[in-house]
Amino acid sequence: MPVTLSQFAQNLNVETAFTVLAVAKQLKAAGKDVVELEIGDSPFPSTAHAKQAGEQAIRDDQSHYCPSPGLPEFRTAAAKFVKDEFAIPATAANVVVGPGAKIFQQFFCEAFLNPGDGALVFSPHFPTFLPNIERRGARAVLAPLRQQAEFRPEVSQIEHFLKTDPAPRAIFLNSPHNPTGGVATADDLAQIANLIRGRNIALFSDEPYCHMVWKGRHHSILEQPGMLDQCVAAYTFSKSYSMSGWRLGFAVSSPAITDAIGKMINTCLSCVPPIVQLAGAAALGRDREERDRVMGLFRDKVVLLTNGLNRIEGFKTLEPTATFYVFPNVAPVCNRLGITSHGLALYLLEGADEHFGVACLGGECFGEAGAGFLRFSCAEPNDRLQMAIDFLPLALSRTERVATYLAKNPRFRLAKPYPVA
Ligand SMILES: Cc1ncc(COP(=O)(O)O)c(C=O)c1O
């Protein structure tokens with residue numbers, strides 16, 4: 001290649017779920033039966049009024065450029081939604097639309113981070129937080145989320161970051177949390193708001209799982225006084241309305257910040273397709289009942305998977321609190337088999353059986369703090385989840401197959417046992 005890739009491009013870490021997805025699809029194409037629990041997608045159809053409105057928008061020729069921050073009717077519908085459901089005092093000017101929630105990680109970093117700035121990230125973490133921080137030449141500062149603390153962000157870690165970092169500038173929160181399912185309580189959020197209020201600290205609040213809270217209701221830090229002025233909260237249609245392929249989400253913040261993000265959209269995307277925005281506005285207005293029914297089905301799946309996994313020796317999962325992920329600690333199993341947790345995940349997919357496999361992710365796909373855990377999503381019908389649960393003890397008992405897999409893939413040999421709580 002005659003041209004050199006930038007250091008950023010050479011070192012870019014991506015979401016491993018998509019890499020494992022590609023392997024799973026390849027194995028399926030070759031005839032293997034794979035239960036796919038690697039990617040956080042919904043097995044359900046997009047909600048009905050969203051689809052109808054999308055079709056109508058095509059027939060109405062809503063197929064031209066539109067304002068970069070979003071269609072006025074979309075922004076109004078999104079503001080009403082966060083106000084009604086999460087008590088966030090938003091109006092249309094507080095909303096900016098995007099193709100999903102993920103892009104707002106990049107826009108947030110572009111809005112607030114300069115080279116050398118420190119950004120606190122609780123880890124395990126969503127994999128794309130770090131590349132977006134690095135894109136700005138800023139520094140990710142990792143703070144651990146612990147199973148003993150129910151994977152809640154510990155306020156003392158934020159205090160420590162603000163006191164000790166040479167240039168503290170931003171905090172990434174993700175509640176409900178992927179991959180752990182942890183939830184920051186209303187009290188945690190009030191304490192965090194009190195710590196940052198009025199200081200030059202911006203906070204990114206990633207909230208894609210706002211309708212997947214299995215105890216109580218979702219709380220956003222934007223409910224707290226003054227937080228609209230220094231936080232950007234990101235929401236998506238991917239999970240709540242099963243619309244991941246439509247690519248639609250939005251952010252809520254102060255008008256000055258949404259205006260700045262609107263300019264960023266102008267420079268790279270021009271706008272989000274109006275067809276998609278009209279489908280989203282219809283989902284917000286008319287699909288609440290269907291959404292809540294589907295969320296109930298996800299809850300049942302999480303309970304099924306949690307209970308099933310907890311019956312396997314060496315697996316330990318917390319009671320389900322949120323999201324459609326189950327994140328068991330499997331350190332004793334990894335230690336016994338001498339395999340890393342991501343090695344174990346890929347063994348279950350590729351090595352444990354000729355005809356059947358389970359696709360999931362090792363916790364280290366979400367940073368070193370996730371090592372010793374597995375992440376399962378619930379993206380398959382319940383009978384298939386049960387098949388996966390039944391397969392695991394059998395797969396783990398096939399020690400000769402583990403040895404063969406490790407001989408072929410020595411990078412997955414566990415160098416040092418994981419700590420066991
Ligand atoms: C924590 C977190 N943030 C962002 C996203 C991205 O969602 P979207 O499809 O809206 O871009 C996901 C999707 O899995 C997620 O889990």
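**Entry 1: ground rules**

I count a polar contact as a pair of N or O atoms within 3.5 Å; within protein, one must be able to donate a hydrogen and the other to accept it, and residues adjacent in sequence count only if both atoms are side-chain atoms. I am working on a predicted model, where local features need pLDDT of at least 70, side-chain atom pairs count only at pLDDT 80 or more, and totals for chains, interfaces and linings use all residues. Residues are numbered from 1 along each chain as its sequence is written, and side-chain values use heavy atoms, with hydrogens and water left out.

**Entry 2: the ligand**

I started with R247: an N or O atom in its side chain is 2.8 Å from an oxygen atom of the ligand. For Y209, I found a polar side-chain atom 2.5 Å from a ligand oxygen. A101 uses its backbone instead, with an N or O atom 2.7 Å from an oxygen of the ligand. On its own the ligand has 400 Å² of accessible area, and the protein covers 93% of that (Shrake-Rupley method, 1.4 Å probe; for residues, only the protein chains shown count as cover).

Next I listed the surroundings, taking a residue as near if one of its heavy atoms lies within 4 Å. There are 15 residues around the ligand, and A101, N178, D206, Y209 and T236 come nearest. By class I get five nonpolar, six polar and four charged residues in that shell (Ala, Val, Leu, Ile, Met, Phe, Trp, Tyr, Cys and Pro are nonpolar; Asp, Glu, Lys and Arg are charged; the others, Gly among them, are polar).

I took helices (H or I, at least four residues) and strands (E, at least two) as DSSP runs numbered from the N terminus, and called two strands paired if DSSP finds at least two bridges between them.

I171 has L203 of β6 as its bridge partner.

**Entry 3: the three-stranded sheet**

I also found an open sheet of three strands, ordered β9-β12-β11, with antiparallel pairing. Two bridges join β11 to β12 (374-377), and G362 stands opposite L374 of β12.
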